[in-house]
Amino acid sequence: MRSAGRFTMVAVASLLLFGCSKPTPATADSAAVSTTTPAAFDESAARAQILGADSAFQRALVSKQVDSLMVYYDPDVVSMGANAKPIKGTTDLRASYDKAVLANNRNLSFQSGGVNFSNDHSMAWDHGTYSHTSDGPGGKPVTKSGSFLNVWKNVGGKWLIVAEIGT
């Protein structure tokens, strides 16, 4: 009986000692479950932001506002057009647009073929067709049409073009 009493006392003391002690904080290698939930990705809002940027881009190009175009590009952008070597970085891309706006672009239209997102929502791509009229050799109007593909990266909630291809 005496050993049963001692066992009970040790058990109660152990429960008090271990049950009332402060929990240790979670460490990086612990399996603690986070109680915060990441914000849900709003694909419709992101799609609207990208399509809105395409529309604003079109207006800026027609109005020859090169500075307004550049806000949509990541500093390390790669731009590829038909019959031209790739343009890398916003400095060279700005120089290219400075020349392009001299062609008096007009009647510019973009038709979206859709916006898609990577599984982790850090990247997106939109594609479609475009047409425009510009001044060709001798000032004669030349109408061109083609396809485009833009690759966007989500940088702090803002979508920036990291790569683009136009035919």
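Where is the place of Asn150?

Modeller: Happy to! This is a predicted model, in which local features need pLDDT of at least 70 and side-chain atom pairs pLDDT 80 or more, while totals for chains, interfaces and linings use all residues. Numbering runs from 1 along each chain as its sequence is written, and side-chain values use heavy atoms, without hydrogens or water.

Asn150 sits in strand β5, which covers residues 141–155 (helices are DSSP runs of H or I with at least four residues, strands runs of E with at least two, numbered from the N terminus). Asn150 is buried, as its relative accessible area is 8% (buried is under 20%, exposed over 50%, partly exposed in between, with a 1.4 Å probe and protein chains only). Leaving aside residues up to four places away in sequence, Asn150 touches Asp54, Ala124, Trp125, Asp126, Ile161, Ala163 and Glu164 (contact means heavy atoms within 4.5 Å).

Leu149 is also in β5, but this residue is partly exposed, at 31% relative accessibility.

Turning to aromatic rings, the whole structure holds 7 pairs (Phe, Tyr or six-membered Trp rings with centres within 6.5 Å; planes under 30 degrees apart are stacked, over 60 edge-to-face, the rest tilted). Tyr73 and Tyr97 make a tilted pair, because their planes stand at 40°, with ring centres 6.2 Å apart. With Tyr73 in strand β1 (residues 73–80) and Tyr97 in helix α4 (residues 90–100), the pair ties together parts 24 residues apart in sequence. Tyr73 and Tyr97 are both buried. Elsewhere, ring pairs link Phe41, Phe117 and Trp159 into a cluster.

Tyr97 also leads us to Val66: with residues up to four places away in sequence set aside, Val66 touches Arg94, Tyr97, Asp98 and Val101. Val66 belongs to helix α3 (residues 66–70) and is buried, at 7% relative accessible area. The C-alpha atoms of Val66 and Val101 are 8.0 Å apart, although 35 residues separate them along the chain.
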